[in-house]
Amino acid sequence: MSPRNKKLVGLFILLPALLAYILLAIVIADYVPDFWLIELAYFIVAGVLWAFPMKALIDWMSRDPSQNGS
(Lines give C-alpha, C1' and ligand atoms only; values in the text may rest on other atoms or scores of the structure.)
Protein backbone atom coordinates (compact mmCIF):
# COMPACT_ATOMS: atom_id res chain seq x y z
CA MET A 1 0.00 0.00 0.00
CA SER A 2 1.36 3.41 -0.87
CA PRO A 3 2.24 5.82 1.94
CA ARG A 4 -0.47 8.19 0.77
CA ASN A 5 -3.14 5.49 0.94
CA LYS A 6 -1.91 4.31 4.33
CA LYS A 7 -2.26 7.82 5.70
CA LEU A 8 -5.77 8.13 4.29
CA VAL A 9 -6.83 4.78 5.76
CA GLY A 10 -5.17 5.69 9.05
CA LEU A 11 -7.02 8.98 9.17
CA PHE A 12 -10.37 7.27 8.66
CA ILE A 13 -9.51 4.85 11.49
CA LEU A 14 -7.87 7.35 13.85
CA LEU A 15 -10.56 10.04 13.97
CA PRO A 16 -13.58 7.81 14.72
CA ALA A 17 -11.54 5.68 17.15
CA LEU A 18 -10.41 8.77 19.03
CA LEU A 19 -13.95 10.14 19.14
CA ALA A 20 -15.24 6.79 20.45
CA TYR A 21 -12.51 6.73 23.10
CA ILE A 22 -13.36 10.25 24.25
CA LEU A 23 -17.06 9.42 24.50
CA LEU A 24 -16.30 6.22 26.41
CA ALA A 25 -14.00 8.09 28.80
CA ILE A 26 -16.76 10.64 29.45
CA VAL A 27 -19.31 7.91 30.19
CA ILE A 28 -16.92 6.08 32.52
CA ALA A 29 -16.05 9.36 34.28
CA ASP A 30 -19.65 9.57 35.48
CA TYR A 31 -19.06 6.41 37.53
CA VAL A 32 -15.79 7.51 39.12
CA PRO A 33 -16.25 8.17 42.84
CA ASP A 34 -16.43 11.82 43.83
CA PHE A 35 -13.07 12.03 45.56
CA TRP A 36 -10.42 14.30 44.10
CA LEU A 37 -7.56 11.79 44.30
CA ILE A 38 -9.51 9.06 42.53
CA GLU A 39 -10.72 11.54 39.90
CA LEU A 40 -7.17 12.77 39.37
CA ALA A 41 -5.88 9.23 38.91
CA TYR A 42 -8.71 8.40 36.49
CA PHE A 43 -8.14 11.46 34.32
CA ILE A 44 -4.38 10.91 34.23
CA VAL A 45 -4.86 7.29 33.14
CA ALA A 46 -7.63 8.17 30.67
CA GLY A 47 -5.57 11.03 29.30
CA VAL A 48 -2.56 8.83 28.56
CA LEU A 49 -4.14 5.47 27.70
CA TRP A 50 -5.37 6.52 24.25
CA ALA A 51 -1.82 7.17 23.07
CA PHE A 52 -0.70 3.52 22.99
CA PRO A 53 -3.04 2.21 20.27
CA MET A 54 -2.78 5.48 18.35
CA LYS A 55 1.02 5.27 18.41
CA ALA A 56 0.84 1.84 16.80
CA LEU A 57 -1.49 3.19 14.11
CA ILE A 58 0.69 6.23 13.45
CA ASP A 59 3.80 4.03 13.27
CA TRP A 60 2.03 1.85 10.69
CA MET A 61 0.97 4.93 8.71
CA SER A 62 4.50 6.32 8.59
CA ARG A 63 6.34 3.04 7.99
CA ASP A 64 8.27 2.89 4.75
CA PRO A 65 6.76 0.25 2.43
CA SER A 66 10.22 -1.12 1.61
CA GLN A 67 10.86 -2.12 5.27
CA ASN A 68 8.47 -5.09 5.53
CA GLY A 69 7.02 -5.42 2.11
CA SER A 70 3.79 -3.85 3.38
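Visitor: Is Leu37 buried, partly exposed or exposed?
Guide: Leu37 counts as partly exposed, because its relative accessible area is 44%, and partly exposed lies between buried (under 20%) and exposed (over 50%), judged with a 1.4 Å probe on protein chains only. This is a predicted model, in which local features need pLDDT of at least 70 and side-chain atom pairs count only at pLDDT 80 or more, while totals for chains, interfaces and linings use all residues. Residues are numbered from 1 along each chain as its sequence is written, and side-chain values use heavy atoms, with hydrogens and water left out.

Visitor: Which helix holds Leu37?
Guide: Leu37 lies in helix H2, where a helix is a DSSP run of H or I with at least four residues, numbered from the N terminus. Helix H2 itself covers residues 36-49.

Visitor: Okay, on to H1: which of its residues are buried?
Guide: The buried residues of H1 are Lys6, Gly10, Leu14 and Ala25, and what covers them includes H2 and helix H3, residues 51-62.

Visitor: Lys6, then: what is its relative accessible area, and why is it called buried?
Guide: Lys6, which sits in helix H1 (residues 3-29), is called buried because its relative accessible area is 1%.

Visitor: Which residues does Lys6 touch?
Guide: Leaving out residues up to four places away in sequence, Lys6 touches Met1, Trp60, Met61 and Arg63, where touching means heavy atoms within 4.5 Å. A polar atom of the Lys6 side chain also lies 3.1 Å from the backbone oxygen of Trp60.

Visitor: And where is Trp60?
Guide: Trp60 is in helix H3 and is partly exposed, at 25% relative accessibility. With residues up to four places away in sequence again set aside, Trp60 touches Met1, Lys6, Val9 and Gly10.

Visitor: How many residues apart are Asp59 and Lys55 in helix H3?
Guide: They are four residues apart in helix H3, so about one helical turn separates Asp59 from Lys55. An α-helix has 3.6 residues a turn, so residues three or four places apart point the same way. Asp59 itself is partly exposed, with a relative accessible area of 35%.

How values were computed: Helix = DSSP H or I, 4+ residues; strand = E, 2+ residues; numbered from the N terminus. Polar contact = N/O pair within 3.5 Å; in protein donor to acceptor, adjacent residues only side chain to side chain.
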